[in-house]
Amino acid sequence: MKHDSDERFFRDISLDDLSASPFANLAHKAPLNSKAPRLALIGCFRPRQCGIATFTADTYDHLRAARTDLQIDVYAMRSRTDPDTDGQVALAIDEQAPDQYRAAAEAINASGAQAVWLQHEFGIFGGAAGEMIFELVDRVAAPLIVTLHTVLADPTSDQRCVMDRLVARASKLVVMSNYVRETLREVYGASAEQIVHIEHGTPDRPFVDIAPLRRSLGIAERPVISTFGLIGPGKGLEAAIRALPAIVSQYPDVLYRIVGATHPNLVAAEGEAYRESLDQLAQSLGVAGNIAWENRFLDTEELLEQIELCDIYLAPYPNLQQVTSGTLAYAVALGRAVVSTPFVHARELLADDVGILLAGTDGEAIAEAVLLLLAVPNERRAFQRRAYARGRRTTWSAIARACATLFESVALPEPLASTHHMPAIEGAWALCDDVGMLQHSIHLVPDRRHGYCIDDNARALMLVHRLPAREQELAQSRALSFASFLQHGWNPDRGVFRNFMGYDRHWLEDEGSEDSNGRTLWALGHAAAHAASPAMRDWAAGLFDLTGPMAERFKSPRAIAFAVLGAHARLAHEAESTR
């Protein structure tokens, strides 16, 4: 179960208390006044200026257009320096505030959302490698869809831990390239059925040969090369600028337009030092007059107009593992001739001569490809036609229909309602096997993909010791499985309990969260005081005594409170045993 109000659970078991638990799908559900289907969408959102915000907003806009009956609630990530969110946002989440992630989970459960769709990227959530997002996703009841904007073949230990937990938790993982599909399977163990390939959405606009904006800018007759997006060291602009002298020697009036603001994180760290270093490089090479800087963040409509005015779109990215680029997808859809380094997204999108894939990332290779396209206009136009045709497959209308189909495939059949019916205990037992209690189910069927966690087994151990006498005979055998799970979860090397375990019985982490450790101490103390079996009470007391000292290191107030509840119950056992 995933709910903040653990103690209230034992006072009044209802779906209000169980809505974020594996019991939720087993409970009697009542329709919410025939409400429209409901989706919770989590990610950065306008007016934040970043690629994920643009992508989430595009998903929201086009999915609403494709499914006019679908209610979409946006839960927007924001930093403390972001502007206020607009009226389309149901709730803003401070990326560094764990309590706000938990509040969002409660709001999602209360809304009756039938699915939750998370846009995941490293760097937009708080904690090590963004682990704070689990304060939210581990507490929601509805099935979870995750769009993965970055999947690393060689992650850090923190990144690996986050990815393993996402793979274990998600019902569906959305990827934008086949390469990522294979990485998820080979590196992270995701199942083939779990992964869905939906390409990056693109605008559906008529092809423009000579954009009107060229004339208004006075560059109608000049050859124009462009690169777009937030500026930073990962853009490969140094190589592009080093390619310019060779290009300028044959086409002195060529113009390289670098369109986009410096990345906000880079500005916060060093101001405009990086952009200034690029300008100094251009000055030293004698090509500063061939570069036009558009140093601002553009809304989508203006960005599309800027892309349409170029003859050649250049993607000189040095990171060949980059799995998606929105501006590359836009350039292809708008029918530009594309020259790109062979990063993952480009290799797939530009296959079959849709664009020119460079052999490497150096300036010499860039210059050679650009000069070919400038020297042979018919070849350039052929690339444009093939690119525009390829872009019809990724128009937002087509992508939104694919997203709607995916939502329908995983969504609960009706909103989770607030009722006052206790789920039949047989439903709880259906989630159990000889290992313990599984985390999730799809309606009445246990979902093995998500494995187990110590949180749920700790709660289940407390539950069985509060059941009425008529349920105790079966409950005792279940209690042994839950107790064994807790005992196996103890990691003596770290002095803490693990939390997440895959269905293959391998632990997914060496150390669980403070909350999961505190809750386990509470369950042990509770068992020491309330278990029907004296042997179980003694076992629980002994394990509490062994593991309890870790609570002295807790910083989370809630984890401390759980440990105090466990200690209070443990003392009750001590008092009983000394009588």
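Q: What is the strand order in the open sheet of six strands, and which pairing does it have?
A: Strands of a sheet pair through backbone hydrogen bonds, in either a parallel or an antiparallel way. In this predicted model, the order is β10-β9-β8-β11-β12-β13, with parallel pairing. Strands here are DSSP runs of E with at least two residues, helices are runs of H or I with at least four, and both are numbered from the N terminus. Two strands count as paired if DSSP finds at least two bridges between them.

Q: Which strands stand at the edges?
A: Those are β10 (291–294) and β13 (356–357); each has a single partner strand, so one side of each has no neighbour in the sheet. Four bridges tie β10 to β9 (residues 255–259), and Val259 has Glu294 as its bridge partner in β10.

Q: What joins β11 to β8 and to β12?
A: Two bridges link β8 (residues 224–228) to β11, running parallel, with Ile225 opposite Ile312. Four bridges link β11 to β12 (residues 337–340), again parallel, and Ala315 sits opposite Ser340. From β11 the chain passes through helix α13 (residues 326–333) to β12 in a right-handed β-α-β crossover. Right-handed means that, with the strands pointing away from you, the path from the first strand over the helix to the second runs clockwise.

Q: Which way do the side chains of β11 point?
A: In a regular strand, side chains alternate between the two faces of the sheet. In β11 (residues 312–315), Ile312 and Leu314 point one way, Tyr313 and Ala315 the other, and all are buried. Buried means under 20% relative accessible area, exposed over 50%, and partly exposed in between (1.4 Å probe, protein chains only).

Q: Which residues have the most contacts inside the largest nonpolar core?
A: Nonpolar side chains tend to be buried together in soluble globular proteins. A nonpolar core is a set of buried Ala, Val, Leu, Ile, Met, Phe, Trp, Tyr and Cys residues joined through side-chain atoms within 4.5 Å. The largest one has 56 residues, and Leu39, Trp117 and Tyr313 have the most contacts inside it. Helix α17 (residues 396–410) gives the most to this core, with seven residues.

Q: What should I know about numbering and cut-offs?
A: Residues are numbered from 1 along each chain as its sequence is written. Local features need pLDDT of at least 70 and side-chain atom pairs 80 or more, while totals for chains, interfaces and linings use all residues, and side-chain values use heavy atoms, without hydrogens or water.
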